Amino acid sequence: MKNSTRLCLLSLVALPLTACQSGGYMSSVALTGAESRQHVVEAISEGVSEQQVAEDEFEAAGRMLASIQVASEAEASKLYSEYLDQIDRCARHVERFNEQITVLQTGAENLFVDWEAELEQFTSDAIREQSSRRLEAARSGFALLHDELMGVHGQMAASLSTHKDYALYFNHNLAGSSRELLGEENSRFMATMAAMNEDCKVVESDARTFNERLAGPAESPAKVTKPEGEGAAQ
């Protein structure tokens, strides 16, 4: 009877250990941060792509605007209709750019929440501190990049307003003499567009640098198939 009872107790004690072994030692550790990080990297790349497309559309609108002002009155009327359509294209891409910035911001917030949660799982204070410093650096870097993206978006929105002003003006003033009066405004607008283009280049460069630092290795360790018995990458 005693032996039977002892065997039952040993069986019960062994059950949790067996379950733990079958699930894997790391099965209870939350490692969601890597997926969140990759999402942010992809969202930044998509945001820069949307910015580039919008920038191209504004350049096209600028060329149309210049063409209208040197064309004959008959040709200017045709170009004006195309110009209105181009302004609409600019507006659509500015909206898409804004939507992607929102997606990026949400993704970054999720990343930082996941990363913060992972800090609580460390047993080593020294390693936790290293990860915490990287988290703060990532937060600071993202805040700067986000401000730059929002700055470019604001410039694009302001450029849309200026194009609308030109469209309103040309609606009643397509005569050559009326178009010639826009020289000073043209100079201001060209300077504004040049500044926006330079800021776009800054965003592209900073986004590339941020992604390189955040993404780490080109291939995520989670996706690498390792031979059995090989240790985890450090």
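**Rings, helices and core**

Mentor: Ring pairs link Tyr166, Tyr169, Phe170 and Phe189 into a cluster. Keep in mind that this is a predicted model.

Trainee: How many aromatic pairs does the count come to?

Mentor: Five aromatic pairs, with ring centres within 6.5 Å as the rule.

Trainee: Why is the pair of Tyr166 and Phe189 called tilted?

Mentor: The ring centres of Tyr166 and Phe189 are 5.8 Å apart and the planes stand at 45 degrees. Under 30 degrees would be stacked and over 60 edge-to-face, so the pair is tilted.

Trainee: What parts does the pair tie together?

Mentor: Tyr166 lies in helix H4 and Phe189 in helix H6 (residues 183-215), so the pair ties together parts that are 23 residues apart in sequence. Both Tyr166 and Phe189 are buried.

Trainee: What makes the pair of Tyr169 and Phe170 edge-to-face?

Mentor: The planes of Tyr169 and Phe170 are at 65 degrees, with the ring centres 5.9 Å apart. The cut-off for edge-to-face is over 60 degrees, so the pair meets it.

Trainee: Are Tyr169 and Phe170 buried or exposed, or in between?

Mentor: Tyr169 has a relative accessible area of 24%. Buried means under 20% and exposed over 50%, so Tyr169 is partly exposed. Phe170, at 1% relative accessibility, counts as buried.

Trainee: Which residues have the most contacts inside the largest nonpolar core?

Mentor: They are Phe58, Tyr83, Met156, Phe170 and Leu214, in a core of 47 residues. Helices H2 (33-70), H3, H4 and H6 each supply at least two residues of this core. The largest share, 15 residues, comes from H3.

Trainee: How do you know that H3 and H4 are roughly antiparallel?

Mentor: Helix H3 (residues 73-119) and helix H4 (residues 125-170) pack at an angle of about 165 degrees, with their axes 10 Å apart. Angles over 145 degrees count as roughly antiparallel, and H3 and H4 therefore qualify. The crossing in which H3 passes H4 is left-handed. The residues of the contact of H3 with H4 comprise 25 nonpolar, seven polar and four charged.

Trainee: What makes H4 roughly antiparallel to H6?

Mentor: The axes of H4 and H6 cross at roughly 155 degrees and come within 10 Å. With the cut-off at over 145 degrees, that angle makes H4 roughly antiparallel to H6. H4 and H6 also cross in a left-handed way. Their contact divides into 17 nonpolar, six polar and six charged residues.

Trainee: Why is Leu79 called buried?

Mentor: Leu79 has a relative accessible area of 14%. The cut-off for buried is under 20%, so Leu79 is buried. Leu79 is found in helix H3.

Trainee: How far apart are Leu79 and Ile68 in sequence and in space?

Mentor: Leu79 and Ile68 are eleven residues apart in sequence and 6.0 Å apart in space, taken from C-alpha to C-alpha.

Trainee: What pattern does the chain follow along the sequence?

Mentor: The pattern is α-α-α-α-α-α, and the chain has six helices and zero strands. Of its 234 residues, 31% count as buried.

Definitions and conventions
Residues are numbered from 1 along each chain as its sequence is written. This is a predicted model: local features need pLDDT of at least 70, side-chain atom pairs count only at pLDDT 80 or more; totals for chains, interfaces and linings use all residues. Side-chain values use heavy atoms; hydrogens and water are left out. Axes are lines fitted to C-alpha atoms, for helices over the stretch in contact, and angles run from 0 to 180 degrees between N-to-C directions. Helices (H or I, at least four residues) and strands (E, at least two) are DSSP runs, numbered from the N terminus. Angles under 35 degrees count as roughly parallel, over 145 as roughly antiparallel, 65 to 115 as roughly perpendicular and the rest as oblique. A crossing is left-handed if the near helix is turned anticlockwise from the far one by less than a right angle, and right-handed if clockwise. Ala, Val, Leu, Ile, Met, Phe, Trp, Tyr, Cys and Pro count as nonpolar, Asp, Glu, Lys and Arg as charged, and the others, Gly among them, as polar. Rings of Phe, Tyr and Trp (its six-membered ring) pair if their centres lie within 6.5 Å; planes under 30 degrees apart count as stacked, over 60 as edge-to-face and the rest as tilted. Buried means under 20% relative accessible area, exposed over 50%, partly exposed in between (1.4 Å probe, protein chains only). A nonpolar core is a set of buried Ala, Val, Leu, Ile, Met, Phe, Trp, Tyr and Cys residues joined through side-chain atoms within 4.5 Å.
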